[in-house]
Amino acid sequence: MTPTTRPRRLRHNPRLRALVRETTVRPTDLIAPIFVTHQRGEPRPIGSMPGVSQWPVELVAREAEAIARSGVTAVLLFGIPEQKNATGSDAWSETGVVQRAIREIKQAVPELVVIADLCLCEYTDHGHCGVVNGTVGKADPRLPEGYVLNDPTLEIYGRIAVVQARAGADVIAPSGMMDGMVAAIRGALDGAAYDHLPIMSYSVKYASGFYGPFRDAAQGAPKFGDRATHQMDPGNRREAVREHALDVAEGADILMVKPALAYLDVIRETRDRFPELPLAAYNVSGEYAMVKAAAQNGWVDERRVVLEILTAMRRAGADLIITYHAKDAAQWLSQPGRP
Ligand code: PBG
């Protein structure tokens, strides 16, 4: 029997396909991460992330301008400080590496949305995201050695947020997965008259092997232990709902799921359960590195798989995508005649 319902009728040519396409990616959906280093000189390429470099503060405006020219409208900053110590004090110093970078970028490209990642792992000598039991003051005997202490860390997160705000950040993005971090940061910002600044919370962040290249890039790998006592277990989806709900109650303005590619079901669940809030997906360093490695070997068509991956994240329900492909993808998306 000849079929009368023929989905192929809508696939005849590119114009028709574009007309009925359900999901699109725009350059303005993308957020480009930038690594800023205290070191002077040339940008330093990151071996495990081809195409990504650490930018000296003095040159970071150049990279911000290139990103803006590509059509991407937001950046997310990570810093590599000169001094690391037990409390990560460069993170809340007025002259800390990220604070200086924010000022440089805001001066050069004022219209760019500057998002400050807020964590301690790049700034502590042990590479953990907070105050480690026994390293500052007296150890808490109820908790194991090496445990990241929750509430002492919150106090420092609040301080960092205010300093980042003062430097000119447009959005504060806490990534440390401490309980109560959004409330603590909201309180600190409001108390310093930054009640207008939004918080993009890394509300659901899994303990993931896909962060490997990032830990090279930001030099924030833990010297001992891991992050499994604060980041989420990869097997958990219902717990993601719990984490998001807490952050919503604490005043988060944008939610996030991280990583993205292996967690598309979590992105979908988040979109369905929290329809009222913008949702970001973090297309992390390991996801980037896999695509780059395969493309460099000629095993996949980079442009095609990158756009397919970004489309999949949007289709799963992400509004925004933080991605190291941002600049390239934005350029591809603005070229006429794309598939
Ligand atoms: C921690 C942080 C990490 C990433 C972003 N923020 C690393 C971690 O939790 O170990 C990973 C991002 C990526 O892999 O691209 N501040």
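**Figure 1. The second largest cavity of the predicted model.** The second largest cavity has a volume of about 70 Å³; a cavity is a set of points, on a 1 Å grid over the protein atoms alone, where a 1.4 Å probe fits but cannot get out. Volume here is the space filled by probe spheres set on the points, which are joined across faces, edges and corners. The structure is a predicted model, in which local features need pLDDT of at least 70 and side-chain atom pairs count only at pLDDT 80 or more, while totals for chains, interfaces and linings use all residues. Residues are numbered from 1 along each chain as its sequence is written, and side-chain values use heavy atoms, with hydrogens and water left out. Met177, Met178, Asp179, Gly180, Met181, Glu243, Leu246, Asp247 and Glu250 line the second largest cavity, lining residues being those with an atom within 4 Å of a point. Helix H7 supplies the largest share of this lining, four residues; helices are DSSP runs (H or I, at least four residues) numbered from the N terminus. By class, the lining comprises four nonpolar, one polar and four charged residues, with Gly counted as polar.

**Figure 2. The largest cavity and its lining.** Four cavities of 30 Å³ or more are found in a search of the whole structure. The largest cavity, with a volume of about 110 Å³, is lined by 14 residues, of which Cys121, Lys205, Phe214, Arg227 and Lys258 lie nearest its centre. Its lining contains six nonpolar, two polar and six charged residues.

Figure 3. The space taken by the ligand is the largest cavity; a molecule sits in a cavity if more than half of its atoms lie within 2 Å of its grid points. Among the 18 residues around the ligand, Arg215, Gln231, Lys258, Ser285 and Tyr324 come nearest. Oxygen atoms of the ligand lie 2.5 Å from a side-chain N or O atom of Arg215, 2.8 Å from one of Gln231 and 2.7 Å from a polar side-chain atom of Ser285. The protein buries 100% of the 400 Å² that the ligand exposes when taken alone, areas being from the Shrake-Rupley method with a 1.4 Å probe.

**Figure 4. The second largest pocket.** This pocket (an open set with protein on both sides within 12 Å along at least five of seven lines) has a volume of about 280 Å³. Its lining has 15 residues, with Met177, Asp179, Thr229, His230 and Glu243 nearest the centre. Helix H7 (residues 238-250) gives the largest share, four residues.

Methods. Near = heavy atom within 4 Å. Polar contact = N/O pair within 3.5 Å; in protein donor to acceptor, adjacent residues only side chain to side chain. Helix = DSSP H or I, 4+ residues; strand = E, 2+ residues; numbered from the N terminus.
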